[in-house]
Amino acid sequence: LMSFATRAPVIRAVSVLCASASLFAGTTLSAQPVTSTAGSLVSADPVVETLPGTQAWRIVYWTTNQDGHAQRVTGMVVAPREAMPDTPRRVIAWTHGTWGVAEKCAPSLSTSFNAATPALAEMVRRGYVVVAPDYPGLGSNMVHPFLVGGDTARSVLDAVRAVQRISGAAAGSRFAVWGESQGGHAALWTATEARRYAPELSLVGTAAAAPPTDLAANMRLASEPNIRAMFTAFTTYSWSQRFGAPLSTLFNRTNQGVATRLATNNCITLGANPRLGTVLGIASVRNALKGKDVGSIAPWSAIARRNSVNPRNVPGPLLVAQSADDPLVASSVTRAFVRQRCLNRQPLRWVPLPGGDHANSARDSAAVTLDWIGDRFAGLSEPNDCGKI
């Protein structure tokens with residue numbers, strides 16, 4: 001088998017959430033006729049166990065993917081539990097990091113949602129409505145488009161539309177988007193798509209913590225090999241299902257099955273140990289990928305290019321936070337992204353974080369980020385850190 005020394009980095013990097021749940025378990029559907037119009041709300045099921053001073057709903061709503069196909073998806077909404085305001089509440093769309101690529105991995109299905117969402121209580125204390133989409137395929141029976149920009153962005157924008165149909169939330173059309181890791185990528189793509197896809201919404205600012213931007217470079221330069229192997233299994237399985245990319249271009253028949261089982265059986269949760277089968281599967285995928293650059297092998301390279309983030313296409317205001325020694329999203333890749341933006345004379349707020357804690361990038365930058373978001377809603381002048389990068 002494997003020595004403990006070999007298993008330990010995997011155990012630190014990846015953990016397994018075994019519980020599964022059905023999309024509509026416990027859901028009370030709306031009594032009103034429901035259409036599949038993008039942004040329409042199917043149901044809002046009140047959550048009993050909430051943070052003090054908050055009210056919450058598990059929502060089902062409609063979106064469309066980048067091919068124009070209607071999709072029924074899920075998410076969470078958390079709002080202040082207080083008297084209805086005189087004016088609509090401001091909205092923060094929280095775009096979560098990687099929980100997995102299987103249906104059972106939806107954050108809205110997890111009892112850890114509140115604890116795993118950085119600064120959730122603080123966002124609500126500041127008066128925000130927080131809408132947290134699961135993304136397609138998490139909590140819903142379809143392919144999860146992992147790091148597929150257009151599909152994910154539309155699900156975020158339609159969640160912001162849908163929350164306006166919950167009278168108790170009193171959500172308005174002005175919103176900020178804040179995300180971490182996979183959700184940082186989602187936040188940047190949401191900003192890119194917002195004006196064209198949802199022109200009636202008003203995006204005041206975008207905050208991205210440890211965002212994958214150049215996906216080929218991100219896959220190539222992740223410094224922790226076990227994390228990179230799991231990340232690659234998630235990515236290639238998702239893209240094989242979403243775009244028909246053949247796993248055979250990367251893996252033999254045995255390791256195609258291993259990568260598929262890693263993706264379909266495992267959800268990520270911090271602070272728990274993975275099963276031995278997961279540890280061995282990661283080692284097998286890691287060995288299979290030796291000497292291979294996924295970002296330069298067809299058709300993966302083309303998919304990675306299409307879903308990377310062009311800094312020129314992301315409107316401001318923008319905040320980016322990044323740990324110096326992040327083991328998954330290399331600091332050098334994020335710095336190249338923000339430097340290109342600065343060369344294009346597009347200002348941004350840059351929040352450098354010490355160390356290499358990828359999983360807590362948003363939590364570690366939350367105070368700065370929420371103050372910055374508050375200033376954007378207030379209409380204050382946008383700061384520019386380009387001279388410091």
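This is a predicted model: local features need pLDDT of at least 70, side-chain atom pairs count only at pLDDT 80 or more; totals for chains, interfaces and linings use all residues.
A salt bridge is a side-chain nitrogen of Lys or Arg within 4 Å of a carboxyl oxygen of Asp or Glu. Three of them are followed here.

The side chains of Glu122 and Arg126 form one of these salt bridges, with an N to O distance of 2.7 Å. Glu122 has a relative accessible area of 24% and is therefore partly exposed. Arg126 is likewise partly exposed, at 27% relative accessibility.

A second salt bridge joins the side chains of Arg161 and Glu200, at 2.6 Å from N to O. Arg161 belongs to helix 4 (residues 149-163), whereas Glu200 sits in the loop between helix 5 (182-197) and strand 7 (202-209), so the pair ties together parts that are 39 residues apart in sequence. With a relative accessibility of 11%, Arg161 counts as buried, because buried means under 20% relative accessible area. Glu200, at 44%, is partly exposed.

Glu193 forms a salt bridge with Arg196, and the closest N and O atoms are 2.3 Å apart. Both residues lie in helix 5, three residues apart, which is about one turn of the helix. Glu193 is buried, with a relative accessible area of 10%, while Arg196 is exposed, with a relative accessible area of 54%. Elsewhere, salt bridges that share partners join Glu122, Arg125, Arg126 and Asp371 into one network, and the salt bridge between Glu122 and Arg126 described above is that of 2.7 Å.

How values were computed. Residues are numbered from 1 along each chain as its sequence is written. Side-chain values use heavy atoms; hydrogens and water are left out. Buried means under 20% relative accessible area, exposed over 50%, partly exposed in between (1.4 Å probe, protein chains only). Helices (H or I, at least four residues) and strands (E, at least two) are DSSP runs, numbered from the N terminus.
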